[in-house]
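Here is a friendly tour for anyone opening this structure for the first time. Have the sequence and the 3D view at hand, and take the stops one by one.

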Amino acid sequence: MFPTHRPRRLRQSTQLRRMVCENVLTTNDLIYPMFAVPGESIAKEVKSMPGVYQLSVDKIVEEAKEVYDLGIPSIILFGIPENKDVEATGAWHDCGMIQKAATAVKEAVPDLVVIADTCLCEYTNHGHCGYLEVGDLTGRVLNDPTLELLKKTAVSQAKAGADIIAPSGMMDGFVQAIRTGLDDAGFQDIPILSYAAKYASAYYGPFRDAADSAPQFGDRRTYQMDPANGTEAIKEIALDIAEGADMLMVKPALAYMDVIWRVKEATNLPVAAYNVSGEYSMIKAAALNDWIDEQRVVMETLTGFKRAGADLILTYHAKDAARWLKG
Ligand code: PBG
Ligand code: ZN
């Protein structure tokens with residue numbers, strides 16, 4: 001009790017504070033999301049995400065080099081196809097956007113770890129993450145038929161050079177389906193980073209501009225989780241672990257710090273947190289108004305994810321954070 005205990009004793013100097021610092025963000029923790037579009041020499045800024053661009057493959061390669069030179073070990077690729085259809089052809093076609101971008105990046109920057117987001121919502125004409133019954137306007141995605149398409153998508157992404165497959169559609173059994181598909185195609189060594197606890201969140205708004213993937217009707221609440229649920233996240237990760245997931249993701253991050261913590265406590269697999277588009281846009285908007293100190297708020301937020309238990313952080317701030325970490 002005071003005055004015997006004075007916690008301020010350990011806060012008196014920079015050196016002392018360094019000695020008792022519990023969590024350190026490093027560039028190794030960062031994964032940078034990128035959006036591939038058809039065409040050439042295209043760099044189109046996403047209106048709601050200043051500093052984030054839809055890029056044609058040649059520009060993706062340029063930025064991937066920059067990311068690698070900053071010391072960031074990994075990117076995650078999203079694709080925006082020329083055409084959308086009921087079969088989500090652009091997702092699993094060997095000439096799909098993620099496939100093309102993955103091949104080009106691996107050729108130019110072989111060391112950079114390329115993660116492929118594996119979902120159908122960017123490629124279906126209705127914007128949902130899987131197959132719908134013909135005429136269904138509620139968005140009740142058919143689970144098991146969707147698994148076949150996801151399997152096909154993952155195999156084609158691995159063939160194109162993707163190092164990690166990251167299924168994000170919250171279909172039941174998707175890890176097992178993709179694991180089987182990869183193994184049967186000879187990709188036993190390609191890990192799966194499962195979006196295991198992904199919530200039906202309003203924080204994805206700006207991403208749906210970036211990836212042009214807003215559902216045309218209905219919403220994603222029949223497959224993504226209810227934001228009110230925490231214990232259910234433990235059920236979700238247990239299933240994905242049993243099905244063979246190598247890494248687990250919690251998404252979004254900021255409003256779900258408790259979930260990150262609980263997942264980390266419940267597993268010995270690496271845990272990733274997705275610092276999503278809406279979280280990025282809020283910081284950017286306030287910073288552009290000079291209402292907050294962008295660097296300090298970003299670093300505090302990212303360090304907060306580490307403290308909550310995240311081993312990896314997917315974030316649109318990755319390049320800025322890497323520069324700030326370099327000093
Ligand atoms: C699609 C997907 C989404 C994000 C990543 N993959 C959005 C969604 O479910 O609508 C969100 C990323 C972000 O908001 O930054 N399966
Ligand atoms: Zn999706």
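Let's start with methionine 170, which sits in the loop between strand 6 (164–167) and helix 6 (174–184). Keep in mind that this is a predicted model. Methionine 170 isn't a glycine, yet its phi is positive, at about 60°. The residue is also buried, because its relative accessible area is 5%, and buried means under 20%.

Aspartate 290 has a positive phi of about 60° too, again without being a glycine. You'll find aspartate 290 in the loop between helix 10 (277–288) and helix 11 (294–308). Is aspartate 290 buried or exposed? With a relative accessible area of 70%, aspartate 290 is exposed.

## Two cis peptide bonds

Now look at a pair of prolines. The peptide bond running from phenylalanine 2 to proline 3 is cis, with omega near 10°. Proline 3 belongs to the segment before helix 1.

Further along, lysine 251 and proline 252 are joined by a cis peptide bond as well, and here omega is about -10°. Proline 252 is part of the loop between strand 8 (247–251) and helix 9 (257–266).

## Patches on the surface

Which residues gather in a patch of positive charge on the surface? They are Arg6, Arg8, Arg9 and Arg11. Arginine 11 lies in the segment before helix 1 (14–19), and it is exposed, at 51% relative accessible area.

There is also a nonpolar surface patch of about 310 Å², made by Leu10, Met19 and Val20. Leucine 10 is in the segment before helix 1. Leucine 10 counts as partly exposed, with a relative accessible area of 45%.

## A buried histidine

Take a look at the loop between strand 5 (113–118) and helix 5 (143–159), where histidine 126 lies. At 8% relative accessibility, histidine 126 is buried. A polar atom of the histidine 126 side chain lies 3.1 Å from the backbone nitrogen of histidine 128.

## Salt bridges

Side chains of opposite charge can pair when their charged atoms come close. How many salt bridges does a search of the whole structure find? The count is 15.

One of them links aspartate 29 and lysine 306, whose closest N and O atoms are 3.2 Å apart. Aspartate 29 is in the loop between helix 1 and strand 1 (30–37) while lysine 306 is in helix 11, so this pair ties together parts that are 277 residues apart in sequence. Aspartate 29 is buried at 7% relative accessibility, and lysine 306 is buried at 18%.

## Pairs within a helix, and a network

Other salt bridges stay inside one helix. Glutamate 62 pairs with lysine 59, with 3.9 Å between the closest N and O atoms. The two are 3 residues apart in helix 2 (residues 57–69), which means about one helical turn separates them. Glutamate 62 is partly exposed at 48%, and lysine 59 is partly exposed at 25%.

Lysine 151 and glutamate 148 form a salt bridge too, their closest N and O atoms being 3.9 Å apart. Because they are 3 residues apart in helix 5, about one helical turn lies between them. Lysine 151 is partly exposed at 23% relative accessibility, and glutamate 148 is partly exposed at 48%. Finally, a network of salt bridges links Glu63, Glu66, Lys284, Glu294, Lys319, Asp320 and Arg323.

Technical notes
Residues are numbered from 1 along each chain as its sequence is written. Chains are lettered from A and ligands numbered from 1 in the order in which they are written. This is a predicted model: local features need pLDDT of at least 70, side-chain atom pairs count only at pLDDT 80 or more; totals for chains, interfaces and linings use all residues. Side-chain values use heavy atoms; hydrogens and water are left out. Patches are made of residues with over 30% relative accessible area and no salt bridge: like charges are joined within 9 Å, nonpolar side chains (Val, Leu, Ile, Met, Phe, Trp, Tyr) within 5 Å. Accessible areas come from the Shrake-Rupley method with a 1.4 Å probe; for residues, only the protein chains shown count as cover. A salt bridge is a side-chain nitrogen of Lys or Arg within 4 Å of a carboxyl oxygen of Asp or Glu. Lys and Arg count as positive and Asp and Glu as negative; His and the chain ends are not counted. The place of a charge is taken as NZ of Lys, CZ of Arg, CG of Asp or CD of Glu. Helices (H or I, at least four residues) and strands (E, at least two) are DSSP runs, numbered from the N terminus. Buried means under 20% relative accessible area, exposed over 50%, partly exposed in between (1.4 Å probe, protein chains only). A polar contact is a pair of N or O atoms within 3.5 Å; within protein, one must be able to donate a hydrogen and the other to accept it, and residues adjacent in sequence count only if both atoms are side-chain atoms.
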